Amino acid sequence: MMNWTELNEQAKAWIKEAGENIKRSFNKTLVIQTKTNANDLVTDIDKGTEQFFIKKIKAKYPHHKILGEEGFGDDVDNMNGIVWIIDPIDGTTNFIHQQRNFAISIGIYEDGIGKIGLIYDVVHNELYHSLKGNGVYLNDLQLLPLAEVAVSEAIIGMNATWVTKNKRIDPSILSPLVSDARGTRSYGSAALEMAYIAAGRLDAYITLRLAPWDIAAGIIIVEELGGVATNLRGEPLNLLEKNTIFISKPGLHKEILAKYLKNGKW
Ligand code: IPD
Ligand code: CA
Ligand code: CA
Ligand code: CA
């Protein structure tokens, strides 16, 4: 039987240690490479951080499976058993350009059920953590269940890409939502944007395509506080493929789905 409290403590200790290693890299020259296109970047620190976790996990929990963005983990094609889903640096562009506004994101699942969610904002030393059924904490502070808010009073996390000409969505679908909301923000780290919903800094987050490692921890954290995590059709998210993403406080989720997202073809 897995001791989840102990696993949670271990994962928290490793994420802190990885954060210290990342901070130490700030005065070194980064090795930057491109992946699928000129703006899709990866650094030696992204890769080194993923390898750090894999080495630790494989040594202590050899039967656990690991799905990591940079590909050093296992070929995970099902969610059976215990699966760690790791984004070593979420917000690599911010990491390279700003040395802030990025996070380490780790979701741990058992047979497809989210058990532990960790999002670590390294530079601000803010660790969002949740062990399923035990609430969500920002460092030592327990976060409150998410309260209701109307669109007119909501701050929505969204990238300007989705209301300008792009290949995934007609800009006229989301522009009424941008007009009706109190405001929009774009932080450049999906994991942080989900953590901010938990902390009450954002009310919803919408984006058109994310990978499992971007959302694995955030789903656990937001749902633990009563938030709703679906695709843009309002359906459950699939952790083995890319999804459209709509994460929100509960009542707001219904309102946005019914008034705005129903007009989209996703
Ligand atoms: C990216 C960030 C960004 C989102 C991108 C992701 P990465 O992750 O979460 O906010 O808009 O779609 O790929 O590559 O920096 O880990
Ligand atoms: Ca990336
Ligand atoms: Ca990411
Ligand atoms: Ca990443």
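Mentor: Two residues are in contact if their C-beta atoms, placed from the backbone, lie within 7 Å. Keep that in mind for this model, which is predicted.

Trainee: Which residues is aspartate 90 in contact with, leaving aside its neighbours within four places in sequence?

Mentor: Phe102, Ala103, Ser105, Ser189, Ala190, Ala191 and Asp214. Aspartate 90 itself is found in strand β4.

Trainee: Why is aspartate 90 called buried?

Mentor: The label needs 20 or more other C-beta atoms within 10 Å. Aspartate 90 has 30, so it is buried.

Trainee: What does UniProt place at Asp90?

Mentor: An unreviewed UniProt entry gives the feature "binding site" there. That annotation may be inferred rather than shown by experiment.

Trainee: What makes β3 and β9 edge strands?

Mentor: Seven strands form an open sheet in the order β3-β4-β5-β6-β7-β8-β9, with mixed pairing. Strands β3 (65-68) and β9 (141-142) each pair on one side only, and these are its edges.

Trainee: How do you know that β7 and β8 pair?

Mentor: Pairing takes at least two bridges found by DSSP. Strand β7 (residues 126-131) and strand β8 (residues 136-138) have three, in the antiparallel sense, so they count as a pair. Serine 130 stands opposite valine 136 in β8.

Trainee: Which helices lie on this sheet, and which strands do they meet?

Mentor: Helix α5 (residues 190-199) lies across β4, β5, β6, β7 and β8, at about 100° to β6. Helix α6 (residues 212-224) packs on the sheet too, touching β3, β4, β5, β6, β7 and β8, and its direction makes about 105° with that of β6.

Trainee: What is the strand order of the open sheet of five strands?

Mentor: The order is β11-β10-β12-β14-β13, and the pairing is mixed. Its edge strands are β11 and β13 (228-230). Neighbouring strands are turned by 15° against each other on average, direction ignored.

Trainee: How do you know that β10 pairs with β11 and with β12?

Mentor: Apply the cut-off of at least two bridges again. Three bridges join β10 (residues 155-158) to β11 (residues 183-185), and these strands run parallel. Three bridges also link β10 with β12 (residues 204-210), in the parallel sense. Both pairs therefore meet the cut-off. Isoleucine 156 stands opposite threonine 184 in β11, and methionine 158 stands opposite isoleucine 206 in β12.

Trainee: What makes up the right-handed β-α-β unit?

Mentor: Strand β10, helix α4 (residues 171-180) and strand β11. With the strands pointing away from the viewer, a right-handed path from the first strand over the helix to the second runs clockwise.

Key. Residues are numbered from 1 along each chain as its sequence is written. Chains are lettered from A and ligands numbered from 1 in the order in which they are written. This is a predicted model: local features need pLDDT of at least 70, side-chain atom pairs count only at pLDDT 80 or more; totals for chains, interfaces and linings use all residues. Helices (H or I, at least four residues) and strands (E, at least two) are DSSP runs, numbered from the N terminus. Axes are lines fitted to C-alpha atoms, for helices over the stretch in contact, and angles run from 0 to 180 degrees between N-to-C directions. A residue is buried if 20 or more other C-beta atoms lie within 10 Å of its own, exposed if 12 or fewer, and partly exposed in between; C-beta atoms are placed from the backbone.
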